[in-house]
Amino acid sequence: MTNNDRPSKNERRAHARDVARQRAEAERRRKRRNKWFLQGGIGLGIIAVAAIVAIVVVNVNNANTVSATGPANMATGAIQFTGKDGKITPVETGAVSANGTATPIPTTGPDSTVQVTEYIDWACPICKQFEAAYADQILDKVKSGDVTLAVQPVSILDRNYRNSRYASRAANAAMCVANYQPDKFLDVQTQFYDNQPEEGTSGLTNAQIADLVKKGGATSSKVSECLSTEQFKGWVTKSTDTVVSDPALQGASGFGTPTVVVDGKKVDNLTDVITTIDAAAK
């Protein structure tokens, strides 16, 4: 190559500037692409997360709506029993919707009938003691027609059973029986008290709960399915929260089980429950 064939200094500078310009433009394009991908990725991620959150919220709401539907025969929040000629009969009612609330107004009973409501937890040792001491006397008064009895299951003692939720599962069992075989409710309740697990243990397994329900005479396949799916799990929570927060049911240390109400008034001393009923009947 001769000197005449070599690029001049000005040409070399111009070429260098052109190469630099091309490189700068390529770099700008690369940055724009990266920015677009980043923003697009974030946007898609936000959309995806939002979609997932929306699905979860809808599913949770739907689940709560289904599970928070109340059982039939407990429109007052309790299952109610009346008696005549030595026979005790459960009062049949519709169910409370998921968005509804139970009404404490008794569904039956003439003005002269004493209305007794018991708030109980099948996992509660004191409830078991109360049942042993007073159940026969109260049920005799129901059989004679002098008293209507309402039993409202609640769940306040899960904390005493090693995180097994035994109290809640027992309350669900009570509601399953009330819903599908209400005539067996009192017999099943007796089974649960007679076989009540000690506090501090894990309580009863689902299979053991199902066994007690069957021993009490509630053998319907619908009851079994209700137990296995814990159909009234949401209602157990909802109704318990309502009861626990009711000022009329509070004691010196808050709400506790058993709580007994006679003609709308809480009995402060449970040893007075029979005399209170007798006084109200006069």
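This is a short walk through one predicted protein model, from its overall layout down to a few individual residues.

Let me begin with the overall layout. The protein has eight helices and six strands, and, read from the N terminus on, its elements run α-β-β-β-α-β-α-α-α-α-α-β-β-α. Of the 282 residues in the protein, 39% are buried. If we take the contacts with a separation of 6 or more, residues 24 or more positions apart account for 74% of them.

Now to the sheet. Six strands form an open sheet with mixed pairing, and the order across it is β2-β1-β4-β3-β5-β6. At the edges are β2 and β6, the latter covering residues 265-266, and each of these pairs on one side only.

Strand β1, residues 79-84, is joined to strand β2, residues 87-90, by four bridges, and the two run antiparallel. Within this pairing, Lys-84 stands opposite Lys-87 in β2. The two strands form a hairpin with two residues between them, and in the turn Asp-85 has a positive phi of about 55°. On β2 itself I would point out Thr-89, which is partly exposed, with a relative accessible area of 37%. Leaving out residues up to four places away in sequence, Thr-89 touches Gln-80, Phe-81 and Thr-82. Its C-alpha atom is also separated by 8.9 Å from that of Lys-143, a residue 54 positions apart from Thr-89 along the chain.

On to the next pairing, where β1 meets strand β4, residues 147-153: three bridges join them, and they run antiparallel. Here Phe-81 stands opposite Leu-149 in β4. Which sense, parallel or antiparallel, does the pairing of β3 and β4 take? Strand β3, residues 114-120, pairs with β4 in the parallel sense, over seven bridges, and Thr-117 has Ala-150 as its bridge partner in β4.

As for accessibility, Asn-163 is exposed, with a relative accessible area of 77%, whereas Arg-165 is partly exposed, at 28%.

In general, two packed helices are described by the angle between their axes and the distance between the axes. For helix α3, residues 166-180, and helix α5, residues 206-215, the axes come within 11 Å and cross at roughly 35°, and the crossing is right-handed. On the α3 side the contact is made by Tyr-166, Arg-169, Ala-170, Ala-173 and Val-177, and on the α5 side by Asn-206, Ile-209 and Val-213. Sorted by class, this contact has six nonpolar residues, one polar and one charged.

How many residues does the largest nonpolar core have? It has 60, and those with the most contacts inside it are Trp-122, Phe-185, Phe-192 and Val-213. Helix α3 gives the most to this core, with ten residues. Setting aside neighbours within four places in sequence, Trp-122 is in contact with a list of residues that includes Tyr-166, Ala-170, Ala-173, Ala-174, Phe-185 and Phe-192.

Helix α3 also holds Asn-172. Is Asn-172 buried or exposed? Its relative accessible area is 2%, and because the cut-off for buried is under 20%, Asn-172 counts as buried. Again apart from neighbours within four places in sequence, Asn-172 is in contact with Cys-226, Leu-227, Glu-230, Gln-231, Phe-232, Lys-233 and Val-236.

A cis peptide bond joins Thr-257 and Pro-258, with omega at about -5°, and Pro-258 is found in the loop between α7, residues 233-244, and β5, residues 259-262.

Key. Residues are numbered from 1 along each chain as its sequence is written. This is a predicted model: local features need pLDDT of at least 70, side-chain atom pairs count only at pLDDT 80 or more; totals for chains, interfaces and linings use all residues. Side-chain values use heavy atoms; hydrogens and water are left out. Axes are lines fitted to C-alpha atoms, for helices over the stretch in contact, and angles run from 0 to 180 degrees between N-to-C directions. A crossing is left-handed if the near helix is turned anticlockwise from the far one by less than a right angle, and right-handed if clockwise. Contact means heavy atoms within 4.5 Å. Ala, Val, Leu, Ile, Met, Phe, Trp, Tyr, Cys and Pro count as nonpolar, Asp, Glu, Lys and Arg as charged, and the others, Gly among them, as polar. Two strands pair if DSSP finds at least two bridges between them. A nonpolar core is a set of buried Ala, Val, Leu, Ile, Met, Phe, Trp, Tyr and Cys residues joined through side-chain atoms within 4.5 Å. Buried means under 20% relative accessible area, exposed over 50%, partly exposed in between (1.4 Å probe, protein chains only).
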